Amino acid sequence: MSSPIVTRRGAQQAKIQTRAMVKSMSASTSASAATAANAATGPNAHASAVAGSCGTRKSSPALQEAKRRARNMLKMQSNGLATQLEPVIDIFQNAVNAKSMHRGATALIYDESMSEHCCLWDRTHQERPERFTRTMERCRELNLVERCLQLKSRLATKNEILKLHSMEHYERLERTSGVLNEEAMEELSSHYDAIYIHPSTFKLSLLASGSTIELVDQLLLGKAQNGMAIIRPPGHHAMKAEFNGYCYFNNVALAAQHALDAHQLQRILIIDYDVHHGQGTQRFFYNDSRVLYFSIHRYEHGSFWPNLQESDYHAIGSGSGTGYNFNVPLNAKGMGNGDYLAIFQQLLLPVAMEYQPELIIVSAGYDAALGCPEGEMEVTPACYPHLLNPLLHLANCRVAVVLEGGYCVESLSEGAALTLRALLGDPCPPLVERLKVPSIELRESLLNCIYVHRPYWRCLQLQQTYAATELQSDSATAAQLHVVKRIWLGGPPPEPDQLYPTRGTSAQLAEEVVASNALRLSVLRAETQLAVPAIRVCYAYDAQMLQHFNLHDATHPEQPMRIRQIHQMHEDYQLLGRMHQLTARAATTDEVCLAHTRAHVNSVRRLLGRSVEELQQMGAGYNSVYLHPRTFECATLASGSVLQAVDSVLRGQSRSGICNVRPPGHHAEPDQPHGFCIFNNVAIAAQYAIREYGLERILIVDWDVHHGNGTQHIFEANPKVLYTSIHRYEHGAFFPKGPAGNYDMVGKNAGRGFNVNIPWNKKGMGDLEYALAFQQLILPIAYEFNPQLVLVSAGFDAAIGDPLGGCKVTPEGYGLFTHWLSALAGGRIIVCLEGGYNVNSISYAMTMCTKTLLGDPVPTPQFIPSAQRTATVAFQSCVETLQLCVEQQRQHWKSLVFGCKLPQCVMGENNNEDFLAATMGQLNISNDNALDAAGGDVNQQPDPGQDRPSGSKPKVKALEQQDMFAIYPLKSCPHLSQLRPEKAPKSINTSGVCGDCGSTVENWVCLCCQSIGCGRYINEHMEQHCRSAKHPLVLSFSDLSVWCYECSAYIDHPLLYVYQNLAHLDKFEEPMAWTHGCLQRTDGCYPIQVDPSGGNNQNNNNNDGSSSNSNSNSDGDNCGAGAGGGGVYYIQLERNN
């Protein structure tokens, strides 16, 4: 039996085979070839050829790598460096573990009593029982409930509630239990925003929270794979000690805290796509890196409820939670499927992959759905499964969906039911309406989010950056420069004793709008295809395809063992019995000629009967091709097997297909074989689907490490086929070489724009790089194209361990990519084997693809190892390639609107100007103890900067009394020499407007010339002035801090006191306290280098942007006075009710 691992020697021989090599072959090689030829005429032809390879058997690349590491370890042990090495691991261990992983149950938890909760004094209230009852009815109509593992609902215990909510909050609601006095309950409700209280509210709130905790418990205990809680009342607005927005206890936050405490999880992702910002959930985990909160909500610059500045994009978390809070504010009505899909593809999925959550909880509000009077958005019910689908194979498939809002009963019930259907593993239904281009408002918000989070996430580095001077360039260039802005249109905070209306509060739409939405929803429901075949996967394989092999080199990488080993592994994993076995057939000449010339077909047909020498000579006339007397039979059988899969899928007999076939096909040109390929199997299948089934849109995704030159040439002028290839290119030096695989090859004539090449110019690309290519290019374009069938040219030579590819994609990575593609075309996807020459790699990889299509969980790829601190060369090259591809393809695909340049991020400035002065200054934390809610003292939680790229923002720490935030500035700056305190102005007007645009928001004053300009989130006029005038030092009107543009840091020095005091006098009408460690001088002159003995030694400990507890002022009694030497700016938080 031959080695399952192809040797590098064999691969190299195959690729450089030429006529000269044929003529110079030694006599011994000829003799062995003759022996093989004689053996080929008998039934044991393949066995004879395989036996000839035993003498050249070599160890696998994986074993060689292990030996190399072992040698290095021994060498480094002698130098005392052994502890720095990574452990040697099995690169296929995750795929091995997947053998025992089978599709688990989908849990469903609900309680019929939840329909009791209603508003007694306003029967038209939109948070009404029908939200629950109609949702359950629709789930039963689709026969979903009986397919689920039904969990028993339970009440949350008092201790569980008190993990996040206060005792006073709990007891206040408890006292309403069973109270029938409507007048008293209405009066109590009027003290809270958007609240009504029913005699059953307390019990049902406990039931909703307890059921959510129970669902999470069952997922983490392995009793179910995923699940949904259809519950009410909702919870995500509920704060520590305040009812708010129909919410009483925060169901999702309580479940997350339970997972942190009881199950010791370290990474939980909460996704909140309710149209209202879940400020309650945000506040509970704002300081906690263990919970990443991601909210998509209507905002309209603060004019939409709950009207909070903390709901804007710049609220990114604080303390150890900095960078773990994402807000995507939607500043316009009418956003739809294209907008929401863009958010998931461009931001949420990349961050989720990098975060690698252990659990995903979805706060599933359906008030962004079409027809909801609250949201006034246009997300169709069938879009929700597409939003959920890419998440289902993250977090080891542990996904809990928890119902929040949604007030159009028709769209709510349909959206929730289709969500449960997706959890059960049914294909995402095709979207009936064509996607609209992401709106300008969405693009602005999404780019703002990416900008403020770039310092913390490697995956958000895909946009290029620009300097402020580029804004003055020509209009065409400036149009691609994104200007980060913040606009506040919300009103003042409510008064402490404000009463809220309790009747007639439900949103209303005009009658004609209601009728139009109802008609549209009716059409969508009628045209959405939900019927799916019972058979999940059909399987094409025939042992006759083993008869094609190299007669002259038994170690050739394209060997029969490739498909035999894949088939064997499918049997070992017990997958064959779960699939429909297709009967292989040979493609007819007419079918093959759909993609090839008849002359080419006839030339291959005539191979039968040729001598070994003739076959060798003919093969040498092509590029990297060998021929065999049975080549025509095997090649037509391979093509015909793929056609069988196409028939099975398009006739509705199977949902998807796996084609374990050879010889491969994507290099085969219309008129000749090429690169191990004889006939182009996938191209023939696409043409066949067009001819026989009248398809108009077919997507081909080619992830073979080599560019599929043949497929590209066959379809480059055909707009019915979108060909997308992701391949190693090396600037044209990698096989098949030449410019055809470059990013600027976009198709010809009518097919222009329907050819998408993603060329890697460095080796070493892995799961992360391929996943980013899918999210930034392949999936956005594919959704816009809206294919009716997806064909995957599944070469696995980019897999880890392949001798030719030099890339590092894991088997579980291929499984994930297959899962993402299966959301397209109603799940009609066919995966067809192309290349891949490490037989172990391709066997595991194809097996993971099959398991994915069968609905089994596969291990989540580890996208960024924890030990990998800096970006690799491969990742940097990946970013460059994706930038070029987006720039090229955005001319043809309207969904690619996020390739704008972002401002260069000066770390620290926007932390003060925006994050602290604006966000935290307005943060509504009434009745909330966010720090306690996060699970303890922020100072004792791990510093996220330890696992982040260098250059993070200055450390922000909440002090013990939680009324202050501290920023540690530099204690000296060389640019202080430009200041002349003795020539300081007599006053500073802190109400002054920007001299360029008249803005009154977040302005700064130049300390050199007293010019006033707006900050970077307005129009950046102060930065532009300072850069051009070379005046680096500026003072903020918001908090009187001083920033140096040249040092990119805050400055705290006695020289600055005279300026800060003038601003303080103007703003507060009293002098500013002296807080510096040295004595105050009457002339205002101090040495620039401050004496360390004066208590100004913090800078020595904080050059890396971190701060030690010994330097942080945590004494709540002294913080206002700046005890400890005056090295800290203190900002008082406003507590607004």
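What follows is a short chat about salt bridges in a predicted model.

Student: How many salt bridges does the count come to here?
Tutor: The count is 42. Keep in mind that the model is predicted.

Student: Take Arg-134. Which side chain does it meet in a salt bridge?
Tutor: Glu-410, at 3.6 Å from N to O.

Student: New pair. What about Arg-154 and Glu-160?
Tutor: Their side chains form a salt bridge, 3.0 Å from N to O. Arg-154 is partly exposed at 22%. Glu-160 counts as buried because its relative accessibility is 13%, and buried means under 20%.

Student: And Arg-486, which residue does it form a salt bridge with?
Tutor: Glu-1002, with the closest N and O atoms 3.0 Å apart. This pair links distant parts of the chain, 516 residues apart. Arg-486 is in the loop between helix H18 and helix H19. Glu-1002 is in the loop between strand E20 and strand E21.

Student: Are Arg-486 and Glu-1002 buried or exposed?
Tutor: Both are buried.

Student: Which residues do shared partners join into one network?
Tutor: Arg-138, Glu-141, Glu-414 and Arg-525.

Definitions and conventions:
Residues numbered from 1 in each chain as written. Predicted model: local features only at pLDDT ≥ 70, side-chain atom pairs only at ≥ 80, totals over all residues. Heavy atoms only, no water. Salt bridge = Lys/Arg side-chain N within 4 Å of Asp/Glu carboxyl O. Buried < 20%, exposed > 50% of the residue type's maximum accessible area, 1.4 Å probe, protein only. Helix = DSSP H or I, 4+ residues; strand = E, 2+ residues; numbered from the N terminus.
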